[in-house]
Amino acid sequence: MEKLNNVNLENLKNFEEKIKKEPSQARKTQIVEGQWLFENEEGQFQSKIKFEGGEVIFKSDNPTFLGGEGKLPGPMQYCFFGLVSCYTGIFANVASQMGLKLKKISTKVEVDINFSKVFNLADLPIMEEVRIYLFVESDEPEEKIKEAEREAIERCPAVYTLKNPVKLLSKLEILK
């Protein structure tokens, strides 16, 4: 197993080859289910997240200004964690595929959110600006690292979702 920057290059290459042979293999469905907690001291919402190696329970609590207790990360913090971890992971993959040896990668996301629409007070965009900061320590050529960063922005699924409209289908089932 060949690894660089804690990225399993063999797995990446094998999946890429699989997609080349059978393009439909590139499609994966992600499913997350959860429930609102009506009387729970440990937040307002929880979800059992299943993944290849097992499962974990995520819990969230809205900040106090949105009716929660602010005792756990809020839903938007999980959203931005997803963004920053996806982007960082894609950058690490791209840099590793380019053969770039990295010493350290850290990432920060800052988001300006306007909650006026949440309270039906104004029809303004909820997310005004998303800023992602990538900090890389490496002895590799600066231009190569910048190239990897440009590629990561183009390839990252979470960044794509922010930059492009994605079809949303909402269904309501009323249970009695």
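1. A quick term before we start: a helix axis here is a line fitted to C-alpha atoms over the stretch in contact, and the angle between two axes runs from 0 to 180 degrees between N-to-C directions. Keep in mind too that this is a predicted model.

2. Now look at helix α2 (residues 75-97) and helix α3 (residues 142-155). Their axes sit 8 Å apart and the helices pack at an angle of about 130°. That makes α2 and α3 oblique to each other, and α2 passes α3 in a right-handed crossing.

3. Which residues make the contact? On the α2 side you'll find Tyr87, Ile90, Phe91, Val94, Ala95 and Gln97. On the α3 side, pick out Ile145, Ala148, Glu149, Glu151, Ala152, Ile153 and Arg155. Sorted by class, the contact of α2 with α3 has nine nonpolar, one polar and three charged residues.

4. On to the strands. β4 (residues 45-51) and β5 (residues 54-60) run antiparallel, with seven bridges joining them. A hairpin links β4 to β5 through two residues.

5. Last, the aromatic rings: the count comes to two aromatic pairs. For Phe58 and Tyr78, the ring centres are 5.3 Å apart and the planes are at 15°, so this pair is stacked; planes under 30 degrees apart count that way. Phe58 belongs to strand β5 and Tyr78 to helix α2, so the pair ties together parts that are 20 residues apart in sequence.

Conventions. Residues are numbered from 1 along each chain as its sequence is written. This is a predicted model: local features need pLDDT of at least 70, side-chain atom pairs count only at pLDDT 80 or more; totals for chains, interfaces and linings use all residues. Side-chain values use heavy atoms; hydrogens and water are left out. Helices (H or I, at least four residues) and strands (E, at least two) are DSSP runs, numbered from the N terminus. Angles under 35 degrees count as roughly parallel, over 145 as roughly antiparallel, 65 to 115 as roughly perpendicular and the rest as oblique. A crossing is left-handed if the near helix is turned anticlockwise from the far one by less than a right angle, and right-handed if clockwise. Contact means heavy atoms within 4.5 Å. Ala, Val, Leu, Ile, Met, Phe, Trp, Tyr, Cys and Pro count as nonpolar, Asp, Glu, Lys and Arg as charged, and the others, Gly among them, as polar. Two strands pair if DSSP finds at least two bridges between them. Rings of Phe, Tyr and Trp (its six-membered ring) pair if their centres lie within 6.5 Å; planes under 30 degrees apart count as stacked, over 60 as edge-to-face and the rest as tilted.
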